[in-house]
Amino acid sequence: MIRIDDTSGGEVAAAISRERHRQGSPATGMVLTLLILATEEFQSDATAAAVTSARAHPMRIVTLIPRPGRNAPTLDAEIAVGGDDGPGEVAVLRLRGELSEHANSVAIPLLLSDTPVVAFWPSVAPECLAQDSIGKHAQRRISDSAMSKNPSQALTLRAQTYHPGDTDLAWTRLTPWRSALAAALDRPVGSMSEVIIEAEDGNPSALLLATWLNVRLDAPVRSHVSSLPGISAVTLRSDNGDISISRTDGDSAILCRPDTPDAVISLPDRDLSALLNEELKRLDPDNVFGSVMSALRQENTP
């Protein structure tokens, strides 16, 4: 790790280039730039998750940590290039004083040319991701409503300000559930009369799942509060009987279907690096998420 105090975005970019040459690998081979805007509390976990993801998606990781206060406007940087954690480049930047309000000007010199940009807010995100000074640079913009004080309210706001390219990790966490439910419906089940979701109170993934199932199945959805964390069960009531998926632990669940023996299926509870890795596989807008955001926006429009 190389530390540079009282520097600038341009000097950080030059330092990364010098370190590349020193290691004998002037060609970066990076496929994207990931901009992480985080507080000191969340930056370490977010950066570590991004470094792990860089093994599959070589990238330049720029973590911007605003430190507002009465200090003189200074930029302190920690830089790492390559190493045991993968081929990526990491710049952890602390923006002190008035500079904390100008993360955009610090980030611009560090954007790799001719590569996509992804922005990630691991905790509190701006009201409109696409209009944020950092979000304007990005083709993909990732928030995590689960980290908000009021996750459901944050997700509703995200629906109101949605632009193609936005996504939320509350949606990414649903991928195993959506895959399991799609597999459970791989044969005709008749008309769907009702869907019941059991989840902890205020869980944003449960809200997205309810909206998605309502859109796809055109059936009413009821939510029950569960004492278990996350989503614990989903029951689909149809003409041919109930189909249910009940989570038994953090990795598996029991699938019950009419006239079929119960089956244990994989339903993993994934960590932040796995969630980021999934989102970085695609750099085009997620149209399914967009349709869910549209439906959620309509539900909350007077």
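**Entry 1: ground rules**

I begin with a definition: a residue is buried when its relative accessible area is under 20%, exposed when that area is over 50%, and partly exposed in between, using a 1.4 Å probe and protein chains only. With this in hand I looked up D5, which counts as partly exposed because its relative accessibility is 46%.

I remind myself that this is a predicted model, where local features need pLDDT of at least 70 and side-chain atom pairs count only at pLDDT 80 or more, while totals for chains, interfaces and linings use all residues. I also note that residues are numbered from 1 along each chain as its sequence is written, and that side-chain values use heavy atoms, with hydrogens and water left out.

**Entry 2: the whole protein**

I looked up the secondary structure and found 9 helices and 14 strands. Helices (H or I, at least four residues) and strands (E, at least two) are DSSP runs, numbered from the N terminus.

I then checked the extent: the C-alpha trace spans about 65 × 45 × 35 Å along its principal axes. The protein has 302 residues, and 49% of them count as buried. Its accessible surface comes to about 14,000 Å², and carbon and sulfur atoms hold 49% of that. Such areas come from the Shrake-Rupley method with a 1.4 Å probe, and for residues only the protein chains shown count as cover.

Next came contacts, meaning heavy atoms within 4.5 Å. Among contacts with a separation of 6 or more, 71% are between residues 24 or more positions apart.

**Entry 3: charges and salt bridges**

I counted charges with Lys and Arg as positive and Asp and Glu as negative, leaving out His and the chain ends. Each charge is placed at NZ of Lys, CZ of Arg, CG of Asp or CD of Glu. There are 27 positive and 39 negative charges, and their mean positions are 3 Å apart.

Side chains of opposite charge can pair when their charged atoms come close. A salt bridge here is a side-chain nitrogen of Lys or Arg within 4 Å of a carboxyl oxygen of Asp or Glu. How many salt bridges does a search of the whole structure find? I got 17.

I looked at three of these pairs:

- R3 and D5 form a salt bridge, with 3.1 Å between the closest N and O atoms.
- E40 and R94 pair at 2.7 Å, N to O. This pair links distant parts of the chain, since E40 is in helix α2 (residues 40-53) and R94 is in strand β5 (residues 89-96), 54 residues apart. E40 is partly exposed because its relative accessible area is 31%, whereas R94 counts as buried because its relative accessibility is 13%.
- R60 and E89 also meet in a salt bridge, 2.7 Å from N to O. Here strand β3 (residues 59-67) holds R60 and strand β5 holds E89, 29 residues apart, so this pair also links distant parts of the chain. Both R60 and E89 are buried. Salt bridges that share partners also join R3, D5, E40, R67, E78 and R94 into one network.

**Entry 4: a negative patch**

Which residues gather in a patch of negative charge on the surface? I found D249, D251, D269 and D271. Patches are made of residues with over 30% relative accessible area and no salt bridge; like charges are joined within 9 Å, and nonpolar side chains (Val, Leu, Ile, Met, Phe, Trp, Tyr) within 5 Å.

D271 is partly exposed because its relative accessible area is 46%.

I found I254 in strand β13 (residues 252-257). I254 counts as partly exposed because its relative accessibility is 30%. Beyond its neighbours within four places in sequence, I254 contacts S244, I245, S246, T248, D262 and A263. I254 and L267 are 13 residues apart along the chain, and their C-alpha atoms are 9.4 Å apart.

E101 is in the loop between β5 and α3 (103-107). E101 is exposed because its relative accessible area is 67%. From E101 to A253 I read 152 residues in sequence and 46 Å in space, C-alpha to C-alpha.

Most residues other than glycine have a negative phi, and most peptide bonds are trans.

- D114 is not a glycine, yet it has a positive phi of about 60°. D114 lies in the loop between α3 and β6 (117-120), and it is exposed because its relative accessible area is 81%.
- D218 has a positive phi near 50°. D218 is in the loop between α7 (204-217) and β10 (221-225), and it is exposed because its relative accessible area is 69%.
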